[in-house]
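Please read the following with the sequence and the 3D view side by side.

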Amino acid sequence: MKNNIQSKIGLFLDDSRISGVSIYTKNLANYLKINLKIPCDILMPKKNSTNFVKQLKQNKISYKFYNIERISKNTIIDFLIFIFFKKKKLISFFEKNLYKIYIVQGSLQFLNIFILNSLKKDQIIVIHDSYMNLVFKFVLKYIVKKKTKVIFVSKCSRNFYKNTFLENNKIVVPTGVNFKKKITKKFKKKIFTIGTSCNVNPDKNILFLLKVAKILKDQNLNVNIKIAGNIYKSQRSYYKILKEEIKKYKLNNVEFLGFKKNINYFLKNLDLYCCFSKSESSPLSVWEAMHHGLPIITTDVGDLKYHINRGKFGYVIENYNEIIYAQKIKKILCNMDVYNQFSRSAINYSQKNFNQDKNLKILFNFIFSNSKFLNKESKKK
């Protein structure tokens with residue numbers, strides 16, 4: 001793939017909190033800068049951006065703030081109000097910040113697409129979610145131009161939008177993990193530590209985690225449960241409910257660690273990784289855990305059932321059955337043969353399927369294939 005691009009690429013992000021999507025965006029920018037030598041900016045809201053900005057500065061990635069933010073209520077009325085008050089400012093920003101390629105993603109992607117269409121700017125769309133309000137899904141179907149390329153991070157996302165982008169050029173490219181750092185795994189035998197990495201909110205289903213923790217405690221299994229992730233102001237009431245449940249059932253085996261700057265250190269000290277989510281598409285935290293040789297137990301979200309059935313590195317728990325979930329935790333941690341088999345399979349499968357450099361190469365080959373964004377000199381080469 002030739003990389004002599006005339007101008008910058010704009011990577012749009014509508015939520016600056018540390019998450020799978022923001023880390024994915026940072027990885028896109030890093031790959032463009034280091035591997036393709038293409039300049040780019042990450043365009044994002046200023047709200048809740050402190051930790052992410054630190055990461056961008058550390059990686060010397062250019063960024064700009066623009067007047068947009070995620071709408072938590074996610075209702076049609078909220079979006080209409082948002083559009084009414086923000087549209088002119090967004091158009092002004094877009095007119096002053098011109099890019100050769102606009103890569104759009106996030107829950108407000110349709111608003112960015114609408115404005116880019118009005119300015120006659122082409123874009124690439126990245127789909128991370130596997131659920132959307134049906135009205136917004138319908139709107140997305142009619143505002144996305146046929147020539148727009150669409151990238152899905154999971155088969156689950158592609159299937160959800162199968163009737164939305166019928167005539168668009170599409171591809172599924174999973175998120176990936178940086179494999180440059182060699183990981184060694186040491187399994188503990190007496191005191192087990194299981195964990196999950198997520199921002200604390202209802203979608204991550206922490207209440208279900210607490211039900212599992214209670215069962216493990218009642219069964220006298222010596223397990224500590226660690227939750228690494230931010231607790232934002234908008235989730236303080238939810239966090240209060242969680243703390244009340246912990247106090248009620250005396251779950252001294254559960255600990256909230258808050259934001260962890262070094263996620264690799266957190267994963268290195270786990271024996272098992274658990275996902276309790278209600279909704280996921282291509283969960284980067286799970287792929288990172290697999291790279292560390294951690295067996296995976298998860299609810300049935302995204303492509304996890306597909307990958308676990310193929311890779312045999314853990315269990316998928318359907319119907320949010322906390323009893324079965326706890327039984328599977330016990331089965332893995334109390335059987336060295338099962339643990340070692342899942343651990344080896346997790347590493348091997350992640351290396352074959354979630355190699356960040358390999359997947360991003362596929363992604364950008366797709367973006368730039370037959371592209372008018374390449375200048376004439378590049379095409380001659």
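**A buried helix and its surroundings**

The buried residues of α7 are covered by elements that include β8 (192–197), β9 (223–228), α8 (236–248), β10 (254–258), β12 (296–299) and α12 (322–333). The model is a predicted one. Helix α7 itself runs over residues 206–218. With 13 residues at 1.5 Å a residue, α7 should span 18 Å, and because its end C-alpha atoms are 18 Å apart, the model agrees with that expectation.

The residues of α7 that are buried are Ile206, Phe208, Leu209, Leu210, Val212, Ala213, Ile215 and Leu216. An α-helix has 3.6 residues a turn, so residues three or four places apart point the same way. After α7 comes asparagine 220, which has a positive phi, near 60°.

The largest nonpolar core has 92 residues, and within this core Ile329 and Phe364 touch the most other members. The element that gives the most to this core is α7, with eight residues. A second core of 27 residues is separate and includes Ile91, Phe93, Ile115 and Val144. In soluble globular proteins, nonpolar side chains tend to be buried together.

**The rings**

How many aromatic pairs does the structure contain? The count comes to 25 aromatic pairs. One of them joins phenylalanine 12 and phenylalanine 94, whose ring centres are 5.1 Å apart; the planes are at 40°, so this pair is tilted. Phenylalanine 12 is in strand β1 and phenylalanine 94 in helix α3 (residues 76–96), so the pair ties together parts that are 82 residues apart in sequence. Phenylalanine 12 counts as buried because its relative accessible area is 1%, and phenylalanine 94 is buried too, with a relative accessible area of 2%.

Phenylalanine 94 also pairs with tyrosine 66. That pair is tilted, with 6.2 Å centre to centre and 45° between the planes. Tyrosine 66 lies in the loop between β3 (63–65) and α3, so its pairing with phenylalanine 94 of helix α3 ties together parts that are 28 residues apart in sequence. At 4% relative accessibility, tyrosine 66 is buried. Ring pairs extend this into a cluster that links Phe12, Tyr66, Phe93, Phe94, Tyr99 and Tyr102.

**A loop aspartate and the cysteines**

Strand β1 (9–12) also leads to the next residue of interest. Between β1 and α1 (20–34) is a loop that holds aspartate 15. Is aspartate 15 buried or exposed? Its relative accessible area is 15%, and buried means under 20%, so aspartate 15 counts as buried. The side chain of aspartate 15 makes a polar contact of 2.7 Å with the side chain of arginine 17.

The whole structure was searched for disulfides, and zero were found. Cysteine 275 is in no disulfide, and the nearest cysteine sulfur, which belongs to cysteine 198, is 8.2 Å away. A disulfide needs the two sulfur atoms within 2.5 Å. Cysteine 275 is buried, with a relative accessible area of 5%. Cysteine 40 counts as buried because its relative accessibility is 8%.

Note on methods
Residues numbered from 1 in each chain as written. Predicted model: local features only at pLDDT ≥ 70, side-chain atom pairs only at ≥ 80, totals over all residues. Heavy atoms only, no water. Helix = DSSP H or I, 4+ residues; strand = E, 2+ residues; numbered from the N terminus. Expected span 1.5 Å × (residues − 1). Buried < 20%, exposed > 50% of the residue type's maximum accessible area, 1.4 Å probe, protein only. Contact = heavy atoms within 4.5 Å. Polar contact = N/O pair within 3.5 Å; in protein donor to acceptor, adjacent residues only side chain to side chain. Core = buried A, V, L, I, M, F, W, Y, C linked by side-chain atoms within 4.5 Å. Phe/Tyr/Trp six-rings, centres within 6.5 Å; stacked < 30°, edge-to-face > 60°.
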